[in-house]
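Thanks for sending this one over.

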Amino acid sequence: MGALDDMNHLKNKRIHSVADLLQDQLGLTLVRLENVVRGTICGAIRHKLIPTPSNLVTSIPLKTTYESFFDLHPLSQVLDRTNPLTHIVHGRKSSFLGPGGLTGRTANFQIRDIYPSHYGRIFPIDTSEGINVGLIGSLAIHARIGNGDILSISLAIYQRSNKNTCMHQKLQVPRGKCIKKGQILADGATTVGGKLALGKNVLVAYISWEGYNSEDAILISERLVSTSKETCLKLPIGGRGRVIDVRWIQKRGGSSYNPETIRVYISQKREIKVGDKVAGRHGNKGIISKILPRQDMPYLQDGRSVDMVFNPLGVPSRMNVGQIFECSLGLAGSLLDRHYRIAPFDERYEQEASRKLVFSELYEASKQTANPWVFEPKYLGKSRIFDGRTGNLFEQPVIIRKPYILKLIHQVDDKIHGHSSGHYALVTQQPLRGRAKQGG
């Protein structure tokens with residue numbers, strides 16, 4: 001008697017790409033078109049007429065099918081163009097939903113569960129929250145779906161994405177210079193030297209501070225605002241800002257009423273403020289609750305004040321100890337002027353591999369830079385710091401490190417909305433509701 005086959009094993013599942021779904025829809029359309037052509041030919045023969053190719057075949061069914069597939073299909077989505085990383089992640093999504101698939105209310109727990117065949121193929125953590133948990137996932141990082149002399153560069157200068165973020169490119173090659181294979185030609189809004197650069201390396205302290213960083217609240221220094229760090233470019237629809245483009249659009253074939261439109265594109269440079277959202281690379285996200293003067297922030301033994309204050313309770317509650325290793329290695333790298341590339345699950349090479357690497361780099365940084373506070377054997381991974389308001393030492397040593405922090409698209413200026421005057425509904429003559437409709 002043979003072994004039972006597991007229906008949830010990936011070898012028993014097939015991926016239908018967008019091309020496969022579109023091919024199925026176009027196949028049905030061609031069948032309908034074939035029936036229409038046969039009917040037209042039969043009618044022409046019955047009335048003793050000679051059909052022409054233009055009478056037999058029309059492109060309207062194919063065009064309608066193509067447009068309705070991308071406009072009305074349940075799995076059709078607008079590509080997330082917040083930054084290049086979201087662009088890549090969104091394109092590697094997989095879903096059990098859609099026509100011929102499952103629904104969030106009928107799918108059982110076995111479908112949503114994680115199986116050994118997912119290892120190295122499906123990323124188990126990156127899934128939707130709520131009713132679609134386990135039904136929408138992402139491919140693993142290494143997963144793949146198998147079966148002249150003159151250079152002209154077209155650069156995008158201040159182009160608005162579908163997330164109202166600014167997409168621009170800056171040429172890195174001087175005019176008239178020779179280029180070679182592998183050379184970086186241009187940098188984008190979120191790249192430096194051809195490498196992804198979405199955030200900043202900031203000095204962070206994990207300590208409770210007067211309740212301002214309780215729960216997921218974050219305390220930041222005024223230096224991050226005054227030095228224009230963690231800023232962003234937005235291209236909103238309306239509002240104040242710098243005019244970067246004006247376009248005259250003339251409608252053709254439309255009604256005679258208002259056939260011409262002038263669009264003014266405005267760029268805003270927003271500084272970080274209270275209510276904005278920031279996050280690290282380990283799910284440690286939070287809202288800025290207060291911006292302190294630089295002199296009031298906690299400072300190190302060498303006199304440097306920290307840039308951000310995180311709540312230490314956010315580490316064990318989320319069980320992401322990786323952020324502690326990352327920020328500790330980031331501090332050592334900034335002192336030693338080194339860059340690290342760490343593979344996930346490095347514990348498979350050696351027990352306590354992460355801890356040994358981090359402590360060895362911190363020890364070397366402490367010796368080479370003559371900063372004993374970087375690695376104190378009495379407080380492994382921690383340091384004694386001072387209160388910027390009183391100058392006194394804090395009672396307990398805390399973690400002072402340098403993680404990579406990103407400013408998210410969730411900004412308080414886009415959340416808070418109010419109107420004293422605006423558009424009204426045609427039927428009820430009441431003000432429209434919601435920011436998207438420019439209502440009150």
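1. The crossing of helices H1 and H3 is right-handed, where right-handed means that the near helix is turned clockwise from the far one by less than a right angle, and left-handed that the turn is anticlockwise. H1 covers residues 18-46 and H3 residues 60-72, and the two pack at about 150° with axes 10 Å apart. That makes H1 and H3 roughly antiparallel, therefore, a label used for angles over 145 degrees, whereas under 35 counts as roughly parallel. Axes here are lines fitted to C-alpha atoms over the stretch in contact, and angles run from 0 to 180 degrees between N-to-C directions.

2. A word on the basis before going further: this is a predicted model, in which local features need pLDDT of at least 70 and side-chain atom pairs count only at pLDDT 80 or more, while totals for chains, interfaces and linings use all residues. Residues are numbered from 1 along each chain as its sequence is written, and side-chain values use heavy atoms, with hydrogens and water left out.

3. Which residues bring H1 and H3 together? From H1, the contributors include Leu22, Leu26, Leu30 and Leu33, and from H3 they include Leu62, Tyr66, Phe69 and Phe70; contact means heavy atoms within 4.5 Å. Helices (H or I, at least four residues) and strands (E, at least two) are DSSP runs, numbered from the N terminus.

4. Also in H1 is Gly39, which is partly exposed at 43% relative accessible area. The classes are buried under 20%, exposed over 50% and partly exposed in between, with a 1.4 Å probe and protein chains only. From Gly39 to Leu56 the C-alpha distance is 9.3 Å, across 17 residues of sequence.

5. H8 (residues 322-336) and H9 (residues 353-368) have axes that come within 9 Å and cross at roughly 30°. H8 is thus roughly parallel to H9, and their crossing is left-handed. Among the residues in contact are Phe325, Leu329 and Leu336 of H8, with Leu357, Val358 and Leu362 of H9.

6. Now the charged pairs. The count comes to 15 salt bridges, each a side-chain nitrogen of Lys or Arg within 4 Å of a carboxyl oxygen of Asp or Glu. In one of them Arg318 pairs with Asp216, the closest N and O atoms being 2.9 Å apart. Arg318 sits in helix H7 (residues 314-318) and Asp216 in the loop between strands E11 (204-206) and E12 (217-221), so this bridge ties together parts 102 residues apart in sequence. Arg318 is partly exposed at 30% relative accessibility, and Asp216 is partly exposed at 36%.

7. Glu350 is partly exposed at 41%, and Lys356 is partly exposed at 46%. Elsewhere, salt bridges with shared partners join Glu210, Asp387 and Arg389 into one network.

8. Finally, the annotation: an unreviewed UniProt entry places "domain: RNA polymerase Rpb2" at residues 77-145. UniProt positions follow the numbering used here, feature names are shortened, and annotations may be inferred rather than shown by experiment. Residues 77-145 are 17% helix and 13% strand, with end C-alpha atoms 21 Å apart.

Definitions and conventions. Angles under 35 degrees count as roughly parallel, over 145 as roughly antiparallel, 65 to 115 as roughly perpendicular and the rest as oblique.
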